[in-house]
Amino acid sequence: MDKATIRQQVLAELKRIAPEVEEGELDAARLLRDQVDLDSMDWLNFLVALHERTGKEIPEADYAKLDTLAAIVDYLA
Amino acid sequence: MIEFKLPSLGADMEEGKLLEWKVKPGDAVKRGQVIAVVDTSKAAVEVEVWNDGVVSELKTRPGETVPVGTVLALLLSPGESPAAAAAAKAPEAAAARRRISPAARKHAEEHGVNLDAVAGTGPGGAVTVEDVEKATQPKKEAARVEKAAAAVPDRAAEMRKAIAAAMSRSKREIPHYYLSQTVPMQRAQDWLAAANAGRPITARLLMAVLQLKAVALALGGFPDLNGFYRDGAHVPSAAVHLGVAISLRQGGLVAPAIHDVAELGLDELMRSLADLVRRARAGSLRSSEMSDPTVTVSNLGEGGVESVFPIIYPPQVAIVGFGTLSPRPWVTHDGGLQVMPTVVASVGADHRVSDGHRGALFLAELARLLQEPEKL
């Protein structure tokens, strides 16, 4: 799957958790949780949704790597 | 005859608007079944019935706003016949005996029409099927109008007013005291990491679950922090139903209960918490969840807050707060210095019921329990 498709999937799941998110206002290189109000339950639900959508295993030890939109897309690619 | 009344779904609720009946006259209902949806200032709440029975009469129409305690419906007890129920109501009925044709009565029951509110135009003022039919028209129209209105309520403004009213009452009536304690979290953090490492992502636990369970277990020894203050006296609760403060994306918050938290395993508690958060944000909470919390937990650590000084949600008598999980310098038992993951736990409690000494003992017990996460 190409990165553009993955990015769309990530954004779709993000908007499902946080409907107020506007794609155009997100800086892919900035910390995601500084830009979107996600508590730990939101974050877990977001990652579960990405796992279910892409089939990618996401160990908890890797959570720290998933800090920006760009990093999440790279991780899932 | 059982009176199904509009329950109080929180200290800030004085009235509610019936949005929808989930049952109709003649339906059998079971204890715990959701039979109505009521709009409070905070959310649309699914209201459960607390008796088995058969719906006899729906007395409130969708769209009507009524005070807490209003009889919304009448139910027949199991085995009770409509005739017996009618006989029980005979003195009341005799005072205003009316002629109602059987067909009109049946039609009214089918459509949930309150016959007391229908003017009869038949012989001798008898209520006819046509009279009932006329009565249903405004109701249908009102339901349509109310449904449209309910779709765009100024929920944020109403919720803000409700929160302000409850918190003003709390600060006015409850002599709060506050205590906090910095709790080392290395063991809890290590245990959680190890537990989650062996789990699929769909079964992982959050630190909040360990904190909730520890609070519930600690409260077992502190009935003076768990329960309600009503009519000038403390009413302790044997069960620990933790209200969980949940912020809503559109603003405001709700604090519905997870029941019997001390009895739940961590996996079950995690599922309950996830379900509660999802339903709170989807606006599908149940009446028992809104009315049953015996103490509330507010976790504001997600935003980096160091410590929380929470306001008690009346009629509860205490509230527990958690700040962010944060590394802090920590002096070990042998006088060494290390970096320790910590969290500041706090309690706000009601001086009418307990003193700071009890609150301090509670925090110490909470801290102790969090050092033994494997026992939670």
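Trainee: Which residue in S6(B) does B:Ala28 stand opposite?

Mentor: B:Ala28 stands opposite B:Val54. Keep in mind that this is a predicted model, where local features need pLDDT of at least 70, side-chain atom pairs count only at pLDDT 80 or more, and totals for chains, interfaces and linings use all residues. Residues are numbered from 1 along each chain as its sequence is written, while chains are lettered from A and ligands numbered from 1 in the order in which they are written.

Trainee: How many bridges join S3 to S6 in chain B?

Mentor: Two, and the strands run antiparallel. S3 covers residues 28-29 of chain B. Strands are DSSP runs of E with at least two residues, and helices are runs of H or I with at least four, numbered from the N terminus. Two strands pair if DSSP finds at least two bridges between them.

Trainee: And which strand do four bridges join to S6(B)?

Mentor: S8(B), residues 71-76, again antiparallel. There, B:Val55 stands opposite B:Leu75.

Trainee: What strand order does that sheet have?

Mentor: S1-S8-S6-S3 in chain B, an open sheet of four strands with antiparallel pairing. S1 (2-5) and S3 stand at the edges with a single partner strand each, so one side of each has no neighbour in the sheet.

Trainee: Is S6(B) enclosed or open?

Mentor: Largely enclosed by the rest of the structure, because six of its six residues, 53-58, are buried. Buried takes 20 or more other C-beta atoms within 10 Å of the residue's own; exposed is 12 or fewer, and partly exposed lies in between, with C-beta atoms placed from the backbone.

Trainee: What share of chain B counts as buried?

Mentor: 38% of its 376 residues. The chain has ten helices and 20 strands.

Trainee: Helices, then. At what angle do H7(B) and H8(B) cross?

Mentor: Roughly 110°, with axes that come within 10 Å. Axes are lines fitted to C-alpha atoms, for helices over the stretch in contact, and angles run from 0 to 180 degrees between N-to-C directions. H7 is residues 207-219 and H8 is residues 266-282. They are therefore roughly perpendicular (65 to 115 degrees).

Trainee: Which residues make the contact?

Mentor: B:Ala208, B:Val209, B:Leu212 and B:Lys213 from H7(B) meet B:Leu266, B:Leu269, B:Met270 and B:Leu273 from H8(B). Contact requires C-beta atoms, placed from the backbone, within 7 Å. By class, that is seven nonpolar, no polar and one charged. Nonpolar is Ala, Val, Leu, Ile, Met, Phe, Trp, Tyr, Cys and Pro; charged is Asp, Glu, Lys and Arg; the others, Gly among them, are polar.

Trainee: How many residues of chain A are in contact with chain B?

Mentor: Twelve, against twelve of chain B. The chain A side has seven nonpolar, two polar and three charged residues.

Technical notes
Contact = placed C-beta atoms within 7 Å. Parallel < 35°, antiparallel > 145°, perpendicular 65-115°, else oblique.
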